[in-house]
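Q: I would like to go through this structure step by step. Could we begin with the charged side chains?

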Amino acid sequence: MKNVWYRIKSAAQYLFLARHKKGYGVHSPFVFRTLNEVVYLKENYYCYSEIERLRRSLLSNTDSVALAGCGTASAKTTTVQQIAKSSGEPSRYAQLLFRLALSNHSKTIVEFGTSLGLSSLYLSSVSSDAKVFTFEFEKELVKLAKANFEKLHRYNIYIIEGDIDANLPATLDGVEQLDFVFFDANHTCEATMRYFEQCLTKAHRHSIFVFDDIHWSADMNKAWQQIIARKEVGVSMDLYRMGIVWFDPDIPKRNYIVAF
């Protein structure tokens, strides 16, 4: 209940402060271009229809799924349909992830939290040369996601099953740099900051990091505020559900609260 009231208050504050629709009032050429050519772009890309067809099939799938629970989640039995409704990214946000990764020609992508694999599929669509490393604790979700990847013939997605803390260091050791990272796993400040710090060691000036559910709780908003205050982070955008950061030191540092 505490988180519910926090989210109501946070949503009201966001609606009051959100600006910059289509770049209005933005003086940064980079931010203006990103808003118009990435965030608000309405183009129907080649990968959208097949992934959304898969989403619709998952939304009608009533098969039971037993989840062990990890991080802020508890063990429970649910259905594929319910997971598709409540977990993972809605279409407009998953498609935004794709456009963001496309905008910097991402080749090495890390995702924390695979779920059914829909956002993984969008990220893998950036390029056949891109590699998506996605972390998932739940064994049943790993099976479902792998089946979805097979259905769409995506072979550039690598699921790392099990505890993130145990597996992340070896994954990072195996890559030269990170072009794109999507944080959507353990929704606590401590875990988010821990993953961020480790991924930061592989970031470069054109990297993009995206954080999901930054207003889900006061704890997650605390993490977001700490992240955008870091000296390594340049410009950032708060889209309420998601927070996006860039690292180019030549772009003036500022956090934009963007109506999306």
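Predicted model: local features only at pLDDT ≥ 70, side-chain atom pairs only at ≥ 80, totals over all residues.

Q: Which residue forms a salt bridge with R194, with N and O atoms 2.4 Å apart?
A: That residue is E190. R194 and E190 are four residues apart in helix 9, so about one helical turn separates them.

Q: Is E190 buried or exposed?
A: E190 counts as exposed, at 51% relative accessibility. R194 is partly exposed, with a relative accessible area of 24%.

Q: And what about R194 and D165?
A: Their side chains meet in a salt bridge, at 2.6 Å from N to O. R194 lies in helix 9 and D165 in helix 8, so this pair ties together parts 29 residues apart in sequence.

Q: Where do R154 and E50 lie?
A: The side chains of R154 and E50 meet in a salt bridge of 2.3 Å, N to O. R154 is in the loop between helix 7 and strand 5, while E50 is in helix 3, so the pair ties together parts 104 residues apart in sequence. R154 counts as buried, at 13% relative accessibility.

Q: Changing topic, which residues of helix 5 are buried?
A: They are Y93, A94, Q95, L96, L97, F98, R99, L100 and A101. Helix 5 covers residues 91-103.

Q: What phi does H105 take?
A: Just after helix 5, H105 takes a positive phi of about 55°.

Terms used:
Residues numbered from 1 in each chain as written. Heavy atoms only, no water. Helix = DSSP H or I, 4+ residues; strand = E, 2+ residues; numbered from the N terminus. Expected span 1.5 Å × (residues − 1). Buried < 20%, exposed > 50% of the residue type's maximum accessible area, 1.4 Å probe, protein only. Salt bridge = Lys/Arg side-chain N within 4 Å of Asp/Glu carboxyl O.
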